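These notebook entries record what I looked up in the structure.

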Amino acid sequence: MKLATFRLNGKTSWGLVEDDTVADLGAILGGRLPDLKSAIAAGALPDLPGEAPRAPRHALSAVEWLPVIPNPDKILCVGLNYENHRKETGRSEVENPTIFARYANSQTGHRANIIRPRVSTDLDYEGELAVIIGRPGRYITRSDAFAHIAGYACYNDGSVRDWQRHTHQFTPGKNFPDTGAFGPWLVTPDEVGALDKLRLQTRVNGEVVQSALIEEMLFDIPRQIEYCSAFTRLEPGDVIATGTPGGVGAKRTPPLWLKPGDTVEVEIDKVGLLINGVADES
């Protein structure tokens with residue numbers, strides 16, 4: 001099952017993606033479940049295929065894609081989580097995941113432009129697998145972690161590198177508006193199956209710049225959920241961006257910075273294909 005958030009005729013809604021259409025579940029369930037996050041929190045996802053036949057349908061080409069979860073309580077990002085990325089940054093090995101946070105208003109959707117801010121030209125890509133939390137929890141064990149997942153999506157954890165390097169803290173460079181692309185949809189775990197052999201690939205203007213298997217993560221998803229849920233209560237709709245492989249633009253010679261007119265694609269087997277252009281801040 002694929003679930004997305006979108007805007008049509010100025011109205012934000014959410015629905016079930018089937019082939020080249022989306023069943024507008026927000027139109028029929030909005031009084032009770034106003035957005036996808038509330039549907040996840042209510043445990044309503046198993047019932048949605050049964051609701052879809054009575055929902056109005058829209059062509060995917062007619063809707064404006066929004067971030068899968070536009071209003072998460074929190075977005076937790078895992079840094080340096082592939083060995084080739086850790087090595088290219090020169091960072092030391094660590095015993096625990098490196099965690100930083102994004103704000104919800106730094107996100108953008110599929111087919112929207114990632115915005116290069118006027119204060120920098122060092123805009124970088126980071127293709128990642130996003131985990132969307134389904135059930136709340138604190139101190140979640142590794143063995144229970146997958147039971148707390150609502151689904152998966154593609155994420156481009158776009159980075160404004162010079163601002164990221166102002167200090168040892170990542171926050172400024174990771175939170176410029178419209179730099180974190182999230183989409184096109186949430187795919188439920190039953191449709192994805194085992195994650196280990198899925199390939200994550202990032203392309204800039206058609207050229208492959210990052211490629212890795214999910215099993216190459218240094219800290220796997222159960223470990224990430226265990227660790228994050230120890231210091232914060234995970235809530236339905238929370239997002240964990242699970243880290244990017246090596247090949248980022250900042251570590252190439254010369255650096256490969258994103259510029260207006262570029263197209264960035266993040267593709268993950270069985271999960272989806274996230275496509276974004278790049279534009280300057282107006």
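**Entry 1. The burial cut-off and R203.** I began with the term I would need: a residue counts as buried when its relative accessible area is under 20%. The model I examined is a predicted one. I then asked of R203: is this residue buried or exposed? R203 has 12% relative accessibility, and therefore counts as buried. I located R203 in strand β15, which covers residues 199–204.

I next looked up the partners of the R203 side chain. Another, of 2.9 Å, joins the side chains of R203 and E267. Setting aside residues up to four places away in sequence, I listed V208, V209, T263, V264, E265, E267 and L273 as the residues that R203 touches. I also noted the separation of R203 from G127: 76 residues in sequence, and 8.9 Å in space from C-alpha to C-alpha.

**Entry 2. T244.** G127 came up again when I turned to T244, whose side chain reaches the backbone oxygen of G127 at 2.9 Å. T244 is in the loop between β17 and β18. Why does T244 count as buried? T244 counts as buried because its relative accessibility is 2%, and the cut-off is under 20%.

The side chain of T244 also makes a polar contact of 2.8 Å with the side chain of Q210. Neighbours within four places in sequence left aside, I recorded contacts of T244 with Y82, H85, E126, G127, E128 and Q210.

**Entry 3. Helix α7.** I moved to helix α7, residues 221–231, and asked which of its residues are buried. The buried ones are I221, P222, R223, Q224, I225, C228 and S229. I then asked what the buried residues of α7 pack against. They pack against β6, β7 (98–102), β11 (127–133), β12 (149–157) and β17 (239–241).

At the N-terminal end of α7 I found a cap provided by D220. A side-chain oxygen of D220 lies 3.0 Å from the backbone nitrogen of R223.

Entry 4. I looked up the largest pocket and recorded a space of about 350 Å³. Its lining consists of 21 residues, and T89, R91, R161, Q164 and F170 lie nearest the centre. The elements that each give two or more residues to this lining are β6 (75–79), α4 (83–89) and α5 (161–164). I noted β6 in particular, as the buried residues of α7 also pack against this strand. By residue class, the lining of the largest pocket has six nonpolar, eight polar and seven charged residues.

For the second largest pocket I recorded a volume of about 170 Å³. I40, G43, A44, L45, P46, G134, R135, A147, I149, A150 and T188 line this pocket. Seven of these lining residues are nonpolar, three are polar and one is charged.

**Entry 5. Backbone geometry.** I looked for cis peptide bonds and noted one between G183 and P184, with omega about -5 degrees. P184 is in strand β14, residues 180–187. I noted another cis bond from T253 to P254, with omega near -5 degrees. P254 lies in the loop between β17 and β18, the loop in which I had found T244.

I then checked for positive phi values in residues other than glycine. Y139 has a phi near 55 degrees and is in the loop between β11 and β12. With 57% relative accessibility, Y139 counts as exposed. N205 likewise has a phi near 55 degrees. The place of N205 is the loop between β15 and β16 (207–213), and its relative accessible area of 46% makes N205 partly exposed.

Entry 6. Last, I consulted the UniProt record, an unreviewed entry. Its annotation "domain: Fumarylacetoacetase-like C-terminal" covers residues 74–278. Over residues 74–278 I recorded 13% helix and 36% strand. The end C-alpha atoms of this stretch are 25 Å apart.

Methods: Residues are numbered from 1 along each chain as its sequence is written. This is a predicted model: local features need pLDDT of at least 70, side-chain atom pairs count only at pLDDT 80 or more; totals for chains, interfaces and linings use all residues. Side-chain values use heavy atoms; hydrogens and water are left out. UniProt positions are given in the numbering used here, feature names are shortened, and annotations may be inferred rather than shown by experiment. Helices (H or I, at least four residues) and strands (E, at least two) are DSSP runs, numbered from the N terminus. On a 1 Å grid over the protein atoms alone, a cavity is a set of points where a 1.4 Å probe fits but cannot get out, and a pocket is an open set with protein on both sides within 12 Å along at least five of seven lines; lining residues have an atom within 4 Å of a point. Grid points are joined across faces, edges and corners, and a volume is the space filled by probe spheres set on the points. Ala, Val, Leu, Ile, Met, Phe, Trp, Tyr, Cys and Pro count as nonpolar, Asp, Glu, Lys and Arg as charged, and the others, Gly among them, as polar. Buried means under 20% relative accessible area, exposed over 50%, partly exposed in between (1.4 Å probe, protein chains only). Contact means heavy atoms within 4.5 Å. A polar contact is a pair of N or O atoms within 3.5 Å; within protein, one must be able to donate a hydrogen and the other to accept it, and residues adjacent in sequence count only if both atoms are side-chain atoms.
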